[in-house]
Amino acid sequence: MFVPQIWLRDFVDIPEDIKVFDKIMTRSGTMVEGYEYRGEGLENIVSAKVETIERHPDSDHMWVCSLTDGKNTYQVVTGAQNVKAGDIVPLAKDGATVSGGKKIVTSELRGVRSEGMLCSGEELGMSGSIIPKKQENGIYILESDTPLGEDIKSVLGLDDYVVEFELTNNRQDCNSVLGIAYEASAAQHRKFDIPAYEYDDGSDDIRNYVDITVKNHELCPRYTARMVKILKVEDSPMWMQIRLMGSGVRPINNIVDVSNYVMLETGQPLHTFDYDKIAGKKVIIDTANDGDVYVTLDGEERKLDSSMLMIDDASGHICVAGVMGGANSEIDDDTKYVLIEAANFNGPSVRNTAKALGMRTEASAHFEKGISRHLTKYAADRAVSLLVQIGAAEAIGGVIDLYDELPSPEPVTMNMDWFNRFIGTELTVDDAVKYLDCLCMDPVVKGRDITVTPPKYRQDVNIKEDVAEEVIRIHGYANIPLRHLESSNYISDENRYYRAKQEIKKLLVDIGGYDTLTYAFISPSKIDALGLKEDDPRNRPLKLINPLGEDTSTMRTTMVPNMLDSLRTNYLKKNKAVTMFEIGSVYLENPDKNALALDIEKLVIGKFGCDFYEIKSVLNYLFESLRLTDVRYDRADEVFLHPGRSAYVYLNGENIGFIGQIHPTVAKKFDLCEDTVVAELTLRSIIERYLAVTIRFQEPAKYPAVSRDLALVMDESLQAGDIGAAILELGGEFITGCEVFDVYRSDALGEAKKSIAYSLTFRSPVSTLKDEQVEEAIGNILSGLKDKFGIVIRA
Amino acid sequence: GCGMVHPNVLRACGIDPDEYTGFAFGMGLDRMTLLDYGISDLRNMFTNDTDFLRQF
């Protein structure tokens, strides 16, 4: 909500410095969202009277004016059409600046000297949506009694800040100038007195004029009405218009303006009816019938239903309660008597009605948030006093005030010792009483207990913790002494899983890996891009019920798309190719529908511009560093990986993931080069195995090893790993190792053939091996491989 | 945000608020990092441009 400080200053002294004001309000709980100086950029603009005005000799739409500011005369050319001799207007002199930064200088317009510029509302910083209709598209005409030569900022009260407050749901009692004034007083440790107004009530009585019945008390807990006799419907005074515009409301006429003014000031929306248009002099508050039709103030025809509360007269509907009036009851220039309604309507009902009719007004917004029933009479009286004050009307005495009950807040008791333990302070009973008194809580002390009765307009202080909050926010949260947290000396178990995870990250960073971070939410199109099979569980991501957008509408089932996106970002930017990795959770449907979704942590590794073996060597490095030896690779069958260059990874016989070059189709979808490799492994399997491994000492070998290299030509379809395993089997008792160190392909080898080079290691635990023993083993290997697989040594 | 746990919440969890009190606070780790290093745009943290990553 927007509050001009000048309005607030009617009720409470506030600091001159806006930053100080911001701080004291925000820190005590009334958050300042922002503030704006209304006179921003308005320099050297004064009030001046138009003495003469004549048509421009050389233009049929411009005028030449002669103005005086009380001291000097100025000749100014204007293109506006609404200026008359005798008008007092804002004159921007030579050297002035207007809103938007435009600088005004003496110049010539079509050959006629112009010593300045006359200003429109917009040029004075007013927004088009709140400038009164009369002042639109023309020079802003000031009141006829405006003193001349005054700075426009003081004439129009623009030397002021408009402060925007953000209110919490439980403090909608602050949704008014008075509510903010109450807070501003308490924040400065002063008590706020709600003002009372005096005026002449006259001898007449509202009961002579109208008869009001409330048929639905649930939707209308209180209906208060007063009446006035109009003296004249005209513009409201400038000071009122300025305050309304500062609050974001467009001035219309004195009657409507007072109604809006009182709503902004008290938080209680009012409605005004032209009394003579009320059929039968009867007002009935009741719900509509399904199918009823009604034309509102804006000329639109609305369809009603039986959930909507209406204000009716003897012949039908005259207002949508709490939302908007009708064309058939509105105030116009001929209105003689006004019925002022200040009512309490059920918030949710108003909200639903406003929503169903597609109409949300300032009034309905107020009701939605919940208003205290106690406000109505005060607001009605204030409206009458204001109308009398500005000479718009005469009061008609009496008030019609209909309600079943007006519940008042219950007293709440708080113990001071409990307070100091709860908050962590050492305040005295007197301290607390002082603050609670400033908040009009009427504190009563008995020993160490304080009993408060919250003011009628507040509905949020109900338990001792609420009272504690009131005390400490006024004292200042920043004034609570800092203390270290005291607790028993409890040391939790070392989180070995977490530490192992960090170790793995460090290992990868140590060889030049980059740790990346991506979102757990993903667009379904990214998962689709992998082309997963229909029945693949990863193809059924969990959907969010209320996603922010497509990009965050499902939970990721694999880390691969995000890794490909990260790689893509760098590839397209032509960054140097590096190994990237991420540890993150993927989410899958739990077969047990009553349990939470499956949350599985994965390690994903990726790089563009490399081959399969480079990433395989990263995995080998990782497994070796973690002392995991039972690792095996086997041909993989994943649609998003290149069929010949991918493998499943088996740790201790369990399939823990895959590694492979991405399929060319997928590469294209992600704008990546084809030689991009990814690997994704289940982290828990790796870590649990790692934590389970206990190192047993093994006597180091006493005797030297012998190594032999074999380059073997075999069918393309054979897997290097399988042949390696075969070699170990055929190698006899002394073979200790068999590693692939080269892969060679050439047409010279024959059709669908490849050559894989193995480095074999032999060692005996009891003696130095002799060449003959090694040769024998090699012989067995080669003949076994030839017989089983047709493998021969490369020539 | 941060604050003392509302007594109704403790009661709903079977804890007597007159015997125990609780407090809780939460801060976005990404935003804390943003502030600490003076990173201009939160999205940097999720784009994974190596020009960004290598600075840390």
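In the predicted model, 18 residues of chain A are in contact with 15 residues of chain B. The size of an interface is often given as the accessible area lost when the parts come together. By that criterion, chain A and chain B bury about 1500 Å² between them, with 59% of this area lying on carbon and sulfur atoms. Within chain A, the residues that lose the most area to chain B are Phe422(A), Tyr514(A) and Leu517(A), which together account for 34% of what that side buries.

Polar and charged interactions also cross the interface, where 10 residue pairs are found in polar contact and three salt bridges are counted between chain A and chain B. One of the salt bridges joins Lys573(A) to Asp51(B), the closest N and O atoms being 2.9 Å apart. On the side of chain A that touches chain B, at least two residues each are supplied by helix H12 (464–475), strand E25 (514–515) and H15, and the largest share, three residues, comes from H15(A). By residue class, this side of chain A comprises eight nonpolar, six polar and four charged residues.

Several residues of H15(A) are buried, namely Val560(A), Pro561(A), Asn562(A), Met563(A), Leu564(A), Ser566(A), Leu567(A) and Asn570(A). Just after H15(A), Lys574(A) adopts a positive phi of about 60 degrees.

Terms used. Residues numbered from 1 in each chain as written. Chains lettered and ligands numbered in written order. Predicted model: local features only at pLDDT ≥ 70, side-chain atom pairs only at ≥ 80, totals over all residues. Heavy atoms only, no water. Buried < 20%, exposed > 50% of the residue type's maximum accessible area, 1.4 Å probe, protein only. Helix = DSSP H or I, 4+ residues; strand = E, 2+ residues; numbered from the N terminus. Contact = heavy atoms within 4.5 Å. Buried area = accessible area lost by both parts, 1.4 Å probe. Salt bridge = Lys/Arg side-chain N within 4 Å of Asp/Glu carboxyl O. Polar contact = N/O pair within 3.5 Å; in protein donor to acceptor, adjacent residues only side chain to side chain. Nonpolar A, V, L, I, M, F, W, Y, C, P; charged D, E, K, R; others polar.
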